[in-house]
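Here is a short briefing on one protein model. Please look at the sequence and the structure first, then read on.

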Amino acid sequence: MVILQAHNVNVLGSGEQAIVLCHNFGTDQSVWKYLVPYLLEDYRVILYDNMGAGSTNPDYFDFERYSTLDGFAYDLLAILDELEVKSCIFIGHSVLSMAGAIASISRPDLFSKLILICGTPRPLNDKDYHGGFEQADLHQMLEGMRSNFKAWRSGLAPMVVGGDMDSTLVQEISRTLFNMRPDIALSLTQLKFQCDVRHVLPMVKVPCHIVQSAMDMVPAEVSEYMHQHLGGPSVIEIMPTTGHLPHLSSPDIVIPVILRHINLDITK
């Protein structure tokens, strides 16, 4: 029960099939607010906040545990076990969608499929790999966070969303960023951009549905890379959306796509 409280777990809906929604760094479970109403009639919807989100108790944040994505995968498995979930559809966003991929390696029985929205196993560019960011970009970002967290937060929100500072969506993301304790935000930003879990992709055997924005800080090449290296069946859909949070910025486009992939069987 402690883990459910620590992660602000909410279980909604009444269907037999469970769907678990995993938000990315800098946001919280509220990012799924447009999608959730479309799931309640047919599914048991599990919402939770990843540790480090401004909505969680910072005293619970273990800097060593959450220095890798494994810590978030362990949390996901613990939540599912506490709720006695036997099988679920996992929907994850960005880097933290990889928590579902990692969790599925040790417990493939728990995941009938993974839906990865703008997912990435490595944001930084590498030899023969285009992740979207250079190491110098990360250094500049971290320096900005250390020197003026408020200014960094204000600048990051429009970049992530793909809008201007006056938009309601940018202000909402700024709020969730501002709610994070600065030292935790710094630690998670380092993890987000320095992580590299490309090596685990061949071990992911459950079906993966890769859903990507056409215009995003994560380039479409990343989706193709995952498609080529995942160990199980996978499919890609590039949506006509802009920004890294399409489920918030373009729900009218994204929700039908997600609903279709929930019902799509790519194993046949």
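In which loop does N125 lie? N125 lies in the loop between strand 5 and helix 4 (135–147). The model is predicted. It holds 10 helices and 7 strands.

**Overall build**

- The radius of gyration is 17 Å, close to the 18 Å that the globule rule gives for 268 residues, so the protein is as compact as a globular protein of that length.
- Along the principal axes, the C-alpha trace spans about 50 × 45 × 35 Å.
- Of the 268 residues, 57% count as buried.
- Take the contacts with a separation of 6 or more: residues 24 or more positions apart account for 76% of them.

- The 7 strands of an open sheet follow the order 1-3-2-4-5-6-7, and their pairing is mixed.
- Strand 1 (10–12) and strand 7 (234–242) stand at the edges; each has a single partner strand, so one side of each is left without a neighbour in the sheet.
- On average, neighbouring strands of this sheet are turned by 20 degrees against each other, direction ignored.
- Strand 1 runs antiparallel to strand 3 (residues 43–47), and 3 bridges join the two. L12 has V45 in strand 3 as its bridge partner.
- Strand 2 runs parallel to strand 4, with 5 bridges joining them. V20 stands opposite F90 in strand 4.
- Strand 4 and strand 5 also run parallel, joined by 6 bridges. On the strand 5 side, F111 is the bridge partner of C88, and I115 is the bridge partner of I91.

**Enclosed strands**

- How many residues of strand 4 are buried? The count is 6 of the 6, so strand 4 is largely enclosed by the rest of the structure.
- In a regular strand, side chains alternate between the two faces of the sheet.
- Both faces of strand 4 are covered. C88, F90 and G92 are buried on one side, and I89, I91 and H93 are buried on the other.

**Helices**

- Helix 3 (residues 97–106) is largely enclosed by the rest of the structure, because 8 of its 10 residues are buried.
- The buried residues of helix 3 are S97, M98, A99, G100, A101, I102, A103 and S104. They pack against helix 2 (70–82), strand 4, strand 5 and helix 8.
- Helix 8 (residues 220–229) lies across strand 6 and strand 7. Helix 8 runs at about 170 degrees to strand 7.
- Helix 10 (residues 251–263) lies across strand 2 (17–22), strand 3, strand 4 (88–93), strand 5 (111–117), strand 6 and strand 7. Helix 10 runs at about 170 degrees to strand 7.

**The nonpolar core**

- Which members of the largest nonpolar core touch the most other members? They are L69, I91 and F111, in a core of 92 residues.
- Leaving aside neighbours within four places in sequence, F111 is in contact with L76, L77, L80, C88, F90, A103, S104 and V206.

**N125**

- Is N125 buried or exposed? N125 has 18% relative accessibility; the cut-off for buried is under 20%, so N125 counts as buried.
- The N125 side chain makes a polar contact with the side chain of H130, at 3.1 Å.
- Beyond neighbours within four places in sequence, N125 is in contact with H130, G131, G132, F133 and E134.

**P207**

- P207 lies in the loop between helix 7 (182–194) and strand 6 (208–215).
- P207 counts as buried because its relative accessibility is 12%.
- Setting aside neighbours within four places in sequence, P207 is in contact with S112, K113, L114, P233, I266 and T267.
- From P207 to Q135 the distance is 32 Å in space, C-alpha to C-alpha. In sequence, P207 and Q135 are 72 residues apart.

Note on methods
Residues numbered from 1 in each chain as written. Predicted model: local features only at pLDDT ≥ 70, side-chain atom pairs only at ≥ 80, totals over all residues. Heavy atoms only, no water. Core = buried A, V, L, I, M, F, W, Y, C linked by side-chain atoms within 4.5 Å. Buried < 20%, exposed > 50% of the residue type's maximum accessible area, 1.4 Å probe, protein only. Contact = heavy atoms within 4.5 Å. Helix = DSSP H or I, 4+ residues; strand = E, 2+ residues; numbered from the N terminus. Pairing = 2+ DSSP bridges. Axes fitted to C-alpha atoms, helices over the stretch in contact; angles between N-to-C directions. Polar contact = N/O pair within 3.5 Å; in protein donor to acceptor, adjacent residues only side chain to side chain. Rg over C-alpha atoms; globule rule 2.2 N^0.38 Å.
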